[in-house]
Amino acid sequence: MRLLIENARIIDPSQDLDKVSNLYIARGRIQAIDDTAPEGFTPDQTIDATGKWLLPGLVDLQARLGEPGSHYEGTIASETKAAVASGITTICCPPDTNPVNDTQAVTELIQRRARQAATAFVLPIGAMTQKLEGEMLSNMAALKNAGCIALSQANRPIQNPLTLRNAMSYAASNDILLMLRCEDQTMKNGGVAHSGAVSSRLGLNGIPYSAETAALAQTLILAEEAGVRVHISQISCAKSVEMIARAKKEGLPVTCDVAIHQLHLTDYDLLEFNSLFHVTPPLRTHDDQAALRMGVKTGIIDAIVSDHTPLDRDVKLLPFGESAPGISGLETLLPLTLRLVEDNTLTLNQAVAALSQRPAEIIGIQNGSLSEGLSADFCLLNPEAHWELDRFDLISRGDNSPFHGWEFQGQVEATYFQGRPVYRNNAV
Amino acid sequence: MRLSTPNLQLNDQGELRHFLTLEGLKPRHLNQILDVADGFIDEQGQIRKVPNLHGKTIMNLFFEPSTRTLTTFEIAEKRLSADVVNLNIATSSTKKGETLLDTLWNLQAMLADIFVVRHSESGAAHFIARHVAPHVHVINAGDGQHSHPTQAMLDMLTIRRHKGDIYDLKVAIIGDIQHSRVVRSQIQALSLLEAREIRVIGPKTLMPPDPAALGVHVYDNIEDGLDDVDVIINVRLQSERMKSALLPSEKEFFNLYGLTRDRLSYAKPDAIVMHPGPVNRGVEIDSEVVDGDQSVILDQVTYGIAVRMAVMSIITENAAVLKQSASVQQEADA
C-alpha cells in the first residue's frame, strides 16, 4: 500500500521542517517528504491536503488508559481511540493501574491489549516500588526488559528519602529513566487546592508551594548524588521552573513536563466549587501559569502532557474536597496547545515540538518525527475549522473535562497510525 | 470564551433563590434580611409566630452534628408555621456520591420546599444547590470552613441593633480565622456593609494563607489590634489546633490572645463583645467578659431566630413573585 499526501503544510520540528510539500508512504513507513515523487513511487491512494497541516503523531508522556483495573474509566481500546482523535499516536501510561504495573505480567498485558487495539503505540511506565507503596523496590530490570520505557510512582511519590535514594541508585545502575512527581504528602496534609487567595476565600484546605518545591529540591539533590536520569512530571509553579532551570544549568540530566490544563486554568476557576477543576497538583495562580508558559517557551519545560485521567461520573459528583482529582485530557491536549500559538505564547514549531520531538527524546524513542524510514504516524489538521467542545461528546469514556463550552480554532480531520487511517472526523 | 457561571444563589431577577454564601451578594440583599428580621422582633424583644411559610415543608439536613444551629433553625421554621423534618445523616453513610445525591433526590420527592444543609465539606451547599429541582431552595447552615451566612447575618443584626449602623465601625475578630466558616462569612458581611476597618488578631498559624484576599488587616498583638475598636468578635478555639502543632497550648493562647477585662479597655468604652458560641471560658475569653456589661452574646442567640426567619421568608417570597410574573407573562402571551 502506497499513500501520497499532497500539498500539505508539513510541520516536523525533529527535522526543523515547516513547508508545503508531499508526504510519501510505503508499507506503513515514511518514504520521503518531497515536491516530487521518489523513483518508482506510484501511489495506490492520493489525498489532497491543500490548506491542511500535517503534524507528526504526537507523543503523550502521561495518560491513564483505564486498563487493567477499575480505578479509571475506559479501556486501552477506548482511550487510544480518544488519543488519535487529537493526533496522539504514542502514549505512555503510568503504573497506577489495578493491579499496579509492577510486574512483567501486567506490562505484557498492557502491551497485548494495545496490539489488539492497534490504534496507537502504548508504552507502559512501570512502578518503581512494589504496589506503588513506596517501600520495597520493584523488579526494575525485569520491567525494563519487558518494555517499560521508564519507571515512576504515578501520583504516589516515595515519601522516605532513603528509599527514594536507594531506588535512584538502583535505577542508575540499570540505566533506567525515572519519571517523578514531586509532592510531599505531609506538607500536602489533605489539601485540595492551592494555598492562596482563593483557598483563603473558599475555606478549602490549601496545598502550599513547598509541598512541591521542598520535594523537588530533595529529588534533585538525591538524583545528582545517585547519578540517575530523572524526568520531573507535572510541575505546577513558578519556583519549580526556576529550580529546574538552575539544575539544567548546572548540567544535571533532568527534564520536566507540565500538564496542559496548568497552562490554561488557575485557582480562580475554583470559585464555584466545580469539582471538574479538582486536579493534582492543584491549579495555582496566574503568575505561576505565566511562568509555566514561559518555561515551555524557553525550553526549560521540555514537554506538555495531557495527564489524562478518565473518571467515573460518580467520583466527580461530590463536594469539591471529596471528589476525585483529574481531567479527561487526551482530546484537549492538542487544541489547548494550539491555542497557545494563537495567543502568541508559543510559535507553532515550539508547540508541536513540545508534543512530539521533545517528549520522544526524553524517553529515547524515534516516534514523534516524520523522518524517512519511521512509522508513518501523523495527523492532518484543518487550521480553519472552528469548533466548540462538548464534554458529553468526548470519545474517551471519561467526560470529566472542565473545558466544556470552550471554543477552538483548528481541528484534527484524520490521524494515521503505521500508515493506516485510525481516525476520521465524521463532521468533515 | 470561558463560560461565565451565573451566581447560583440568585434567580433571574437577581433576588435570592438559595442562601449559600455572602460572596457575590449586594448590600441591598443583606439590608433586606436585616430589615425583615427586625420586623419579626417586637418591642419586648419577643418573636411571635407568623403564617408566612404555612404549608411549606422544610428539611434540616445535618451531615455534621449540631445542636445550637439546628435548634434555632427549627424554632425559626416553626415560628414561620412551616412543617419541619430533622434529619441527622452521618457523613459515613454518604461517602459515595450517588448516595448523597440519591438521599437528596429522595427527600426532594417527599415534597420538600427548603433544604437547610450543614456539611463538613467546603462547597457542599453549592454542590447540593446545583443538583436540586428548580423549586427547591437551599440554605447553608455551615459548610466546612467555607461559609455560615445565617450566623454572620445574625451577628450583623446584633451589631446594628446595638450600634445603629455597621457603616464606619472598626471591628476586630480574635482567634482561629483560618478554620472558621463563621469568620469568613462575617468578614464578607462586614465588607459589604462597609465597616471602616476589619481586623483579625491571632498567630500566623491560625491565619488564612492570604488574609489580604479577604480584605482584612492582621494583628499579631492583641492590644494593638483592639485599639479603638467598636466591636470585638471572639471565635471558639478548637483543641484540634494543638494536635496539629498550630499552637502549643490553650494556656499560652489565653496568655497571648485571651480576651480579658484589661485588654477590653483598649477598645472604645462602649465597644460590644460578641461570640458565635459555644464559648470556651478561660481559653479564648475570660468569664468576667462573657458575663460583663459589654457582652451581647445572648442577644446573638435570640436574633439568630429572627434572621433565619427572615432568610426563609424572603426566599419563599422571591419565588412567589417570580412565579406570579411568569404567569402574568403567560397571560400576556396568550
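**Entry 1: between the domains of chain A**

I began with the count of salt bridges between domain 1 of chain A and domain 2 of chain A, and found 1; here a salt bridge is a side-chain nitrogen of Lys or Arg within 4 Å of a carboxyl oxygen of Asp or Glu. I also looked up R313(A) and D399(A), whose side chains meet in a salt bridge at 2.6 Å, N to O.

A note to myself on the ground rules: this is a predicted model, in which local features need pLDDT of at least 70 and side-chain atom pairs count only at pLDDT 80 or more, while totals for chains, interfaces and linings use all residues. Residues are numbered from 1 along each chain as its sequence is written, chains are lettered from A and ligands numbered from 1 in the order in which they are written, and side-chain values use heavy atoms, with hydrogens and water left out.

I then checked the bounds, which come from an automatic or database domain assignment: domain 1 covers 2–55 + 373–424 of chain A and domain 2 covers 57–362. To the contact (heavy atoms within 4.5 Å), domain 1 gives 37 residues and domain 2 gives 45 residues.

Next came buried area, the accessible area (1.4 Å probe) that two parts lose on being put together, summed over both. The two domains of chain A bury about 3,400 Å² between them, with 67% of it on carbon and sulfur atoms. I noted that P13(A), R397(A) and N400(A) supply 19% of what domain 1 buries against domain 2, more than any other three residues.

**Entry 2: chain B against chain A**

I turned to the two chains, where 31 residues of chain B are in contact with 26 residues of chain A. Together the chains bury about 2,500 Å², 53% of it on carbon and sulfur atoms.

I found 1 salt bridge across this interface. R201(A) and E23(B) meet in a salt bridge through their side chains, at 2.1 Å, N to O.

Which helices of chain B each supply at least two residues of the side that touches chain A? I listed helix 3 (97–109) and helix 4 (124–131), helices being DSSP runs (H or I, at least four residues) numbered from the N terminus. Helix 4 of chain B gives the most to that side, with 5 residues.

Last, I sorted the side of chain B that touches chain A by class and got 12 nonpolar, 10 polar and 9 charged residues. In this scheme Ala, Val, Leu, Ile, Met, Phe, Trp, Tyr, Cys and Pro count as nonpolar, Asp, Glu, Lys and Arg as charged, and the others, Gly among them, as polar.
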